[in-house]
Amino acid sequence: MKRTEAVSPLPPATRDAGRSADPGAPVIALRDATLAFGDCVLWRGLHLDVRPGEFLAVLGPNGSGKTSLLRVLLGRQHLTGGSLTVLGRPPRSGSRHIGYVPQQTFQPTHTLLRARDLVRLGLDGHRWGPPFARRTTRRRVDELLDAVGAMSYADVPLGRLSGGEQQRVRVAQALATDPRILLCDEPLLSLDLQHQRTITGLVAERRRSAGTAVVFVTHEINPVLGLVDRVLYLARGGYRVGPPDEVMTSSTLTELYGTHVDVVRVRGRIVVVGASDQGTGHTHDDVTEGGGKQ
């Protein structure tokens with residue numbers, strides 16, 4: 001999938017808006033960042049730069065603040081302490097330069113919202129004022145659906161689509177404004193192996209073709225292990241960040257959790273084994289969501 005197939009060109013003034021003078025400058029910069037809710041500290045002292053084209057996987061146990069981190073980056077949640085810049089400025093809700101693939105949710109079978117309607121919301125749902133010209137908008141939506149292989153069900157209500165089909169549409173919606181940053185919140189949850197490979201392939205192609213930075217929250221690293229540049233592992237109010245081979249080790253996670261943890265590699269897969277009451281499992285409960293259909 002070439003960039004011209006994934007996203008149509010934007011007018012120069014629109015395309016350049018929000019882009020920093022230095023193309024290699026971090027698109028996300030967290031400094032001594034802390035997030036707490038009352039006495040519960042999710043993470044503290046977080047120092048992180050994410051650069052253009054980087055694929056960062058965010059891992060951690062239940063309630064460690066993975067989804068909350070994305071909410072902070074989206075401008076929907078304020079830090080308790082420290083600072084954050086996104087594309088060189090404080091984050092703000094509704095930025096067209098950030099694409100967001102939310103957690104998968106059940107859609108009622110009787111819903112009238114079609115696949116193309118959802119993608120259109122990604123194109124002009126954040127805008128004030130009159131919508132784009134109908135013909136221009138339809139052409140753009142068709143380009144996006146075609147880029148993710150979803151044209152065959154463009155006019156099908158979302159509730160009648162499988163989990164994998166819905167996620168393709170959500171990726172198309174996230175790419176609608178040619179984002180510089182793509183935030184993915186458990187996009188593989190409840191998907192079978194084939195659909196997981198499809199979604200990770202779409203995200204990876206976007207990163208390669210457009211230099212888009214990817215922040216990918218997941219409960220398991222194995223589906224994206226071959227794509228990841230670095231891992232951000234959140235646990236017990238702290239964190240570790242670095243290449244997978246440095247972070248996903250018994251010694252590193254034992255130190256982070258404060259209890260013995262084994263990291264086992266079996267046939268190219270990573271398995272984290274620890275005391276169940278210490279929350280070392282990689283299930284997800286930052287926000288409870290329903291699974292999708294297979």
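Reader: What should I keep in mind about the model and its numbering?
Author: Happy to start there: the model is predicted, local features need pLDDT of at least 70, side-chain atom pairs count only at pLDDT 80 or more, and totals for chains, interfaces and linings use all residues. Residues are numbered from 1 along each chain as its sequence is written, and side-chain values use heavy atoms, with hydrogens and water left out.

Reader: How many helices and strands are there in the chain?
Author: The chain has 9 helices and 11 strands. These are DSSP runs numbered from the N terminus, with helices being H or I of at least four residues and strands E of at least two.

Reader: Why are α6 and α7 called roughly parallel?
Author: Helix α6 (residues 163-174) and helix α7 (residues 193-210) pack at an angle of about 10°. Angles under 35 degrees count as roughly parallel, over 145 as roughly antiparallel, 65 to 115 as roughly perpendicular and the rest as oblique. The pair is therefore roughly parallel. Their axes, lines fitted to C-alpha atoms over the stretch in contact, with angles running from 0 to 180 degrees between N-to-C directions, are 10 Å apart.

Reader: Which residues make that contact between α6 and α7?
Author: From α6 come Gly-164, Gln-167, Arg-168 and Val-171, and they meet His-195, Thr-198, Ile-199 and Leu-202 of α7. Contact means heavy atoms within 4.5 Å. The residues divide into 3 nonpolar, 4 polar and 1 charged. Here Ala, Val, Leu, Ile, Met, Phe, Trp, Tyr, Cys and Pro count as nonpolar, Asp, Glu, Lys and Arg as charged, and the others, Gly among them, as polar.

Reader: Why does Gln-196 count as buried?
Author: Gln-196 lies in helix α7. Buried means under 20% relative accessible area, exposed over 50% and partly exposed in between (1.4 Å probe, protein chains only). With 15% relative accessibility, Gln-196 therefore counts as buried. Not counting residues up to four places away in sequence, Gln-196 touches Leu-188, Leu-191 and Pro-223.

Reader: Asp-178 and Arg-236 both have a positive phi; is each of them buried or exposed?
Author: Neither is a glycine, yet Asp-178 has a phi of about 55°, and Arg-236 also has one of about 55°. Asp-178, in the loop between α6 and β6 (181-185), has 4% relative accessibility and so counts as buried. Arg-236, in the loop between β8 (230-235) and β9 (238-242), has 57% and so counts as exposed.

Reader: What makes helix α4 mostly covered?
Author: In α4 (residues 115-124), 7 of the 10 residues are buried. They are Ala-115, Arg-116, Leu-118, Val-119, Gly-122, Leu-123 and Asp-124. Their cover includes α5 (134-147) and α6.

Reader: What is Val-169 in contact with, beyond its neighbours within four places in sequence?
Author: Val-169 contacts Ala-115, Leu-118, Val-119, Ala-150, Tyr-153, Leu-158 and Leu-161. Val-169 is also one of the residues that touch the most other members in the largest nonpolar core, which has 47 residues. Such a core is a set of buried Ala, Val, Leu, Ile, Met, Phe, Trp, Tyr and Cys residues joined through side-chain atoms within 4.5 Å.

Reader: How do you know that Phe-55 is buried?
Author: Phe-55, in strand β3 (residues 55-59), has a relative accessible area of 0%, so Phe-55 is buried. Among its contacts outside four places in sequence are Val-203, Arg-207 and Phe-216.
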